[in-house]
Amino acid sequence: MFEALFSLIAATGLLLGSPGPAPLALAASGATFGVKKSTGFLVGILLGLCVAIVGATAGVAALYSAWPEARLAVQICGALYIGYIAIKIATAPVLDRGQSTAARPPSLLDGFIFNLLNPKAYAAFLAIFSQFLLPIEESGFSYVATGLVCLVVAAVVDFTWLCLGGSLRPLFHKPKQARVIRVSFALLMVAAVLFVFLR
């Protein structure tokens, strides 16, 4: 059981912690708006992840197999929404010393919709549940326990990305550096979406 739990934690950390749309959006939001103001966005992303976990266990793969158009529609909506968040981050105003940004940070609802439409989240959980399901005799409990472990690992990983972005915040008082970092984060988010979409 310990080996299976360790494998599940490692796989979840690698799959959800790799630089995809959600981690990059959290880092960018932390750098742009600060960790405290981005907490709602983080909570929304985790709530969206809960839906992805339930969707993966409930058979989103079967739905996508039956109706391939549904997968394409979700991927397109997700890509557009992630693009919207990337633009919001890239175009946030530069900070003056001692001031906070006047732009509104991404909200809890933004985070929820973001991960609800994030194809990487569903793909990651389909892989996790097919390969790293905890070996518990009662299958229903096995899925619940696996999902809870994944959610805890995701919370730690996502909070780490948010704090990593927050550590870059002092650079955002220098207009040229701030713009370069924000645009770089936005481009990385778009590249991550394209990578997931075109795979």
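Predicted model: local features only at pLDDT ≥ 70, side-chain atom pairs only at ≥ 80, totals over all residues.
Colleague: Why is threonine 146 called buried?

Modeller: Threonine 146 has a relative accessibility of 0%, and because buried means under 20%, the residue counts as buried. It lies in helix 8, which covers residues 139-167, and, not counting residues up to four places away in sequence, threonine 146 touches Leu8, Ile128, Phe129, Phe132, Leu133 and Leu134.

Colleague: Why does leucine 108 count as partly exposed?

Modeller: Its relative accessibility is 40%, and since partly exposed covers the values between under 20% for buried and over 50% for exposed, leucine 108 counts as partly exposed. Leucine 108 is found in helix 6, residues 108-116.

Colleague: What makes Val43, Leu47 and Leu108 a nonpolar patch on the surface?

Modeller: A patch takes residues with over 30% relative accessible area and no salt bridge, and joins nonpolar side chains within 5 Å; leucine 108, at 40%, is over that cut-off. Together, Val43, Leu47 and Leu108 have about 220 Å² of accessible area.

Colleague: How do you know that helix 2 is mostly covered?

Modeller: Of its 13 residues, 13 are buried, each therefore having under 20% relative accessible area.

Colleague: What makes the span of helix 2 close to the expected one?

Modeller: Helix 2 has 13 residues and reaches 18 Å from its first C-alpha to its last, which is close to the 18 Å expected at 1.5 Å a residue. Just after helix 2, glycine 34 takes a positive phi of about 95 degrees.

Colleague: Which residues have the most contacts inside the largest nonpolar core?

Modeller: They are Leu26, Leu49, Phe125 and Phe185, in a core that has 35 residues. Two or more residues of this core come from each of helix 1 (2-17), helix 2 (21-33), helix 3 (39-58), helix 7 (119-131), helix 8 and helix 9 (175-198). Leaving aside neighbours within four places in sequence, leucine 26 is in contact with Phe41, Leu42, Ile45, Asp158, Trp161 and Leu162.

Colleague: How much of the chain as a whole is buried, and what share of its contacts joins residues 24 or more positions apart?

Modeller: Buried residues make up 45% of the 199 residues, while residues 24 or more positions apart account for 82% of the contacts with a separation of 6 or more. The accessible surface of the chain comes to about 9900 Å², of which 73% belongs to carbon and sulfur atoms.

Note on methods:
Residues numbered from 1 in each chain as written. Heavy atoms only, no water. Buried < 20%, exposed > 50% of the residue type's maximum accessible area, 1.4 Å probe, protein only. Contact = heavy atoms within 4.5 Å. Areas by Shrake-Rupley, 256 points an atom, 1.4 Å probe, with all protein chains shown as cover. Helix = DSSP H or I, 4+ residues; strand = E, 2+ residues; numbered from the N terminus. Patch = residues over 30% accessible without salt bridge, like charges linked within 9 Å, V, L, I, M, F, W, Y side chains within 5 Å. Salt bridge = Lys/Arg side-chain N within 4 Å of Asp/Glu carboxyl O. Core = buried A, V, L, I, M, F, W, Y, C linked by side-chain atoms within 4.5 Å. Expected span 1.5 Å × (residues − 1).
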